[in-house]
Structures are given as structure tokens and as C-alpha cells.
Amino acid sequence: MIVVAIIGILAAIALPAYQDYVSRAQMTEALTLTSGLKAPISETFAQNGTCPGNGSSGIAAASDINGKYVTSVTAGGTADATGGCTIVALLNNNNTSPGLQGKTLTLTLSNADKGSNVWVCTTTASQKYAPRACTGV
């Protein structure tokens, strides 16, 4: 009886931690897919001062850039002197964790210091699910 109680307590502690771990792994897929577009967007911005969208500059259509947990990855934004290009991954509603369904992960180009591109990561999901690159830690 005591062993069963101990196992029950351990399971009650371990299950939420495991669910958070799974959610962070699902959000990492979004970061991986968006990161693949940083190079062509940075190059186009450096050469033309514009933010390319899907279907241009070698960037596939938004719905073609997807994964098990990500529905689409959209490139765009409005270029200005400090950057402004964005890459947005939309998490799907079917097989993602409840805290991630329909949430987005956004990378935004910041070129404020005129010479180096810095990508700032934000998400509409809870920070506990965000990859370390998006938490500011």
C-alpha cells in the first residue's frame, strides 16, 4: 500500500513535468523551421533593403514549410532602416499540446546597429514552453 502511494505521488509530480517537456519540444520544431529562413531573408535585406515574402528569393510557399506540429511558416514584414522582416511559424490545432494550439513563434530582424543582423524571438505561447532562444535567458 505504501509503495502504491509513493508511485502515485511520483507520477503526480512527473506527469506535468513531462507534459511541459513535450510542449517545449514541439515549440522547438517551430524555431527550427523559422531559423532555416534567416539566411535568405538576411541576404535579401542586405542587398535590396526589402523583406522577401513566401514565393520569392528562394523561399517556399508558407504551407510548404511545415512539420508535425507546425502548420505553416510565413515570411514577410515591412523593411525599414532598422530591419522589420519577420518569420512567423503557426502551430497547428490537431496534435500539439493544448497550451500551444494556434500559437505562433515569430523571429523579427533587427538591424539597428547597421551592420549586424540580430533576430529577436517572441511567442504568443506561455514562456514556459518557449525555447531558450525566445526567453531572453
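This tour moves through the structure selection by selection, from the sheet to the helix across it, then to the core and the disulfides.

The model is predicted, so local features are given at pLDDT of at least 70 and side-chain atom pairs at pLDDT 80 or more, while totals for chains, interfaces and linings use all residues. Residues are numbered from 1 along each chain as its sequence is written, and side-chain values use heavy atoms, with hydrogens and water left out.

Begin by selecting strands S1 (70–80), S2 (83–91), S3 (104–110) and S4 (118–123); strands here are DSSP runs of E with at least two residues, helices are runs of H or I with at least four, and both are numbered from the N terminus. These strands make an open sheet of 4 strands in the order S1-S2-S3-S4, with antiparallel pairing, where two strands pair if DSSP finds at least two bridges between them. S1 and S4 are the edge strands, each pairing on one side only, and neighbouring strands are turned by 15° against each other on average, direction ignored.

Select Ile41, Ser42, Thr44 and Phe45, the buried residues of H2, where buried means under 20% relative accessible area, exposed over 50% and partly exposed in between, with a 1.4 Å probe and protein chains only. These residues cover an arc of only 165° around the axis, which puts them on the same side of H2; the arc is that of the directions from the helix axis to the C-beta atoms. Their cover includes S1, S2, S3 and S4, whereas Ala39, Ala46 and Gln47 are exposed on the other side of H2. Just after H2, Gly49 takes a positive phi of about 70°.

**The nonpolar core**

Now turn to the largest nonpolar core, which has 27 residues, and select Met27, Leu37, Ile41, Val73, Ile87 and Leu105, the members that touch the most others. Such a core is a set of buried Ala, Val, Leu, Ile, Met, Phe, Trp, Tyr and Cys residues joined through side-chain atoms within 4.5 Å. The largest share of this core, 4 residues, comes from S2. Centre on Leu37 and, leaving aside its neighbours within four places in sequence, find its contacts (heavy atoms within 4.5 Å) with Ile59, Ile65, Val73, Ala75 and Ile87.

**The disulfides**

Finally, select the cysteines of the 2 disulfides, each a pair of cysteine sulfur atoms within 2.5 Å. Cys51 and Cys85 form a disulfide with their sulfur atoms 2.1 Å apart, and this link is left-handed, with -90° about the S-S bond. Cys51 lies in the loop between H2 and S1 and Cys85 in strand S2, so the pair ties together parts that are 34 residues apart in sequence. Cys51 is buried at a relative accessible area of 15%, and Cys85 is buried at 0%.

Move on to Cys121 and Cys134, which a disulfide joins at an S to S distance of 1.6 Å. Cys121 lies in strand S4 and Cys134 in the segment after S4, so this pair ties together parts that are 13 residues apart in sequence. The torsion about the S-S bond is about 50°, so this disulfide is right-handed.

How values were computed. Axes are lines fitted to C-alpha atoms, for helices over the stretch in contact, and angles run from 0 to 180 degrees between N-to-C directions.
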